[in-house]
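Please read the points below with the structure open beside you.

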Amino acid sequence: MVVKVLGACCGNCATLMENTRIALKELGIGCEVEKVTDFAEIAKYGVMSIPALVIDDRVVSSGKVLKPKDIMKILEGVAR
Amino acid sequence: MAVFGWLNDQLLKMEWLWSLVAQLVEHVFGLDVGSRLGGSIHFFIYDSIKILVLLSALIFGISYIQSFFPPERTKKILGRFHGIGANVLGALLGTVTPFCSCSSIPLFIGFTNAGLPLGVTFSFLISSPLVDLASLILIAGIFGWATAIAYVVVGIVLAVGAGTIIGASGAEKYVEPFVFNRMRGSADLDYQALSTRERLAYARDEAVGILSKVWIYVLVGVGIGAAIHNWIPQTLIAAVLGQDKWYSVLLATVVGVPMYADIFGTLPIAEALVARGVGLGTALSFMMGVTALSLPSLVLLKRVVKPRLLAIFVGIVTVGIMIIGYAFNAFGHLFI
């Protein structure tokens, strides 16, 4: 599984990054969270508000600072 | 009408709080509100509480409304309009679409990529930090409704005007080419309808999130306001920013533009300036300069547009803010 957080500047992006790590750990998924800060790269995903969460190249959320339990729900949905 | 006036004074201007804090300063601290120290302490406590309370309630209510207008939806709505109508709509949607300054670049790319004219995108980008629903109500609470509505109207006019000029200048060639690259996919997942419960949760999170970020701006702003209110000599203020000085608006704008602060932090400063006899237009120019343009946002924007377009953008907006300032100074007495 490849998990990416898109976003560069404000605290929101860092919070999403941290929450994603917590969710992955909670579910025992051993994969790293990649941070994408290059705007050209972010644009490729068609995302218009950051932070955004990308799992296996699919945008699952944008413009929201998800809580760990929300991310866990999404991750469980993807795994199924 | 009398009931409305009373509600306005008590809920927005919070006159009860003014008296309460006056009691506190006089009886608990033993200071005269008319004195210098007592006056600034009163201003600081009263204004901090007023702005923070209004802000919490406002952000909650407004975020609820905003949850109906995610950027993806705005993009779709805007795509259906053309000409100056699209600019006006872009400016209006800028007032309700939620977006933190960091999102301005992905948003710029998203709009441009969807084929929206550059001018419409700029109308949106200008109005978004300049005019929002929270600032409308806060300005009403400090300067009254006539000023608040006039502020919003000139803010929208500035956004539409500047956007139209940028659109007409054929500036597309000054946009970095990668912005036009076809996007791989479009993330329209935010588009799904939210339940009322989800909207309420979103509004609560926004209120907490925004407040935890802006409270420091508010306190610093109120602190500066308190200093202006009671410590800086009247003669100095009159000499630098007085109504009769032709350069007052120019100075307020030039100082305000590079600064970055939230509109909620700049309001108490504007309030104190006006109380010390500075022209309303001068105070508004300062506020608009601080919120519409700032160094951090320009640094971000520079990644997608070439310096020439950036200069056009800054130039037009700065001149627009000054025109508004001079106009308000000339006709401001009609509002307060």
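1. The sulfur of A:Cys31 lies 19 Å from the closest cysteine sulfur, that of A:Cys13, which is too far for a bond. A disulfide is a pair of cysteine sulfur atoms within 2.5 Å, and by this rule there are 0 disulfides over all chains. A:Cys13 is buried at a relative accessible area of 1%; buried means under 20%, exposed over 50%, and partly exposed in between, with a 1.4 Å probe and protein chains only.

2. This is a predicted model, in which local features need pLDDT of at least 70 and side-chain atom pairs count only at pLDDT 80 or more, while totals for chains, interfaces and linings use all residues. Residues are numbered from 1 along each chain as its sequence is written, chains are lettered from A in the order in which they are written, and side-chain values use heavy atoms, without hydrogens and water.

3. A nonpolar core is a set of buried Ala, Val, Leu, Ile, Met, Phe, Trp, Tyr and Cys residues joined through side-chain atoms within 4.5 Å. The largest one has 111 residues, and B:Phe108 and B:Tyr151 are among those that touch the most other members. Helix H9 (residues 145–168) of chain B gives the most to this core, with 10 residues. A second, separate core of 15 residues includes A:Leu24 and A:Val60.

4. Helices (H or I, at least four residues) and strands (E, at least two) are DSSP runs, numbered from the N terminus. Strand E3 (residues 52–55) of chain A is joined by 4 bridges to E4(A), and the two run antiparallel; strands pair if DSSP finds at least two bridges between them. A:Ile55 stands opposite A:Arg58 in E4(A). In this hairpin, with 2 residues between the strands, A:Asp56 takes a positive phi near 50°. Of the 5 residues in E4(A) (residues 58–62), 4 are buried.

5. How many salt bridges are there over all chains? The count is 5, where a salt bridge is a side-chain nitrogen of Lys or Arg within 4 Å of a carboxyl oxygen of Asp or Glu. One of them joins A:Lys4 to A:Asp57 (4.0 Å, N to O). This pair links distant parts of the chain, 53 residues apart: A:Lys4 is in strand E1 (residues 3–6) and A:Asp57 in the loop between E3 and E4 of chain A. A:Lys4 is buried at 13% relative accessible area, whereas A:Asp57 is partly exposed at 45%.

6. A:Lys67, B:Arg204 and B:Asp205 are linked in a network of salt bridges. Within it, the closest N and O atoms of B:Asp205 and B:Arg204 are 3.3 Å apart.
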